[in-house]
Amino acid sequence: MTLIYGIKTCDTCRKAVKALDAELTDIRAEPLSKEQLERFYAQFGEALLNTRSTTWRGLSEDERARAPLDLLADHPTLMKRPVIDKDGQLYLGWGKDVQAALL
């Protein structure tokens with residue numbers, strides 16, 4: 001079973017869903033649980049935080065200094081996408097390395 005966590009309007013997420021014939025969980029509509037965020041963060045660390053996003057650029061320095069898990073809970077769009085869960089193994093993004101591992 002393959003699950004993809006992302007945003008339905010994200011082109012990269014849509015490409016991954018189509019290529020993997022997977023189900024997308026829209027993290028805006030269905031926010032991630034604390035346990036899911038902790039699991040993703042344990043696997044990817046700081047890489048899970050998308051510091052190139054529009055949301056990140058709109059944050060104040062004080063906001064950016066907060067704990068990453070708190071930021072992700074308050075601003076789901078800060079998560080780098082997609083996070084792919086295939087049979088319990090997590091993958092981040094849809095780069096050539098992830099595509100090679102999954103296709």
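User: How many bridges join strand β1 to strand β3, and do they run parallel or antiparallel?
Analyst: Four bridges link β1 (residues 2–6) with β3 (residues 83–86), and the two run antiparallel. Strands here are DSSP runs (E, at least two residues), numbered from the N terminus, and two of them pair if DSSP finds at least two bridges between them. The model is predicted, with local features needing pLDDT of at least 70 and side-chain atom pairs pLDDT 80 or more, while totals for chains, interfaces and linings use all residues. Residues are numbered from 1 along each chain as its sequence is written, and side-chain values use heavy atoms, without hydrogens and water.
User: Which residue is the bridge partner of Ile 4 in β3?
Analyst: Ile 84 is that partner, and Ile 84 also stands opposite Tyr 91 in β4. β3 and β4 (residues 89–92) are antiparallel and joined by four bridges; in their hairpin, with two residues between the strands, Asp 87 takes a positive phi near 55°.
User: Switching topic, what is the volume of the largest cavity?
Analyst: The largest cavity has about 60 Å³, and the structure holds one cavity of 30 Å³ or more. A volume is the space filled by probe spheres set on grid points, which are joined across faces, edges and corners.
User: Which classes line the largest cavity?
Analyst: Its lining has eight nonpolar residues and no polar or charged ones, where Ala, Val, Leu, Ile, Met, Phe, Trp, Tyr, Cys and Pro count as nonpolar, Asp, Glu, Lys and Arg as charged, and the others, Gly among them, as polar.

Technical notes:
On a 1 Å grid over the protein atoms alone, a cavity is a set of points where a 1.4 Å probe fits but cannot get out, and a pocket is an open set with protein on both sides within 12 Å along at least five of seven lines; lining residues have an atom within 4 Å of a point.
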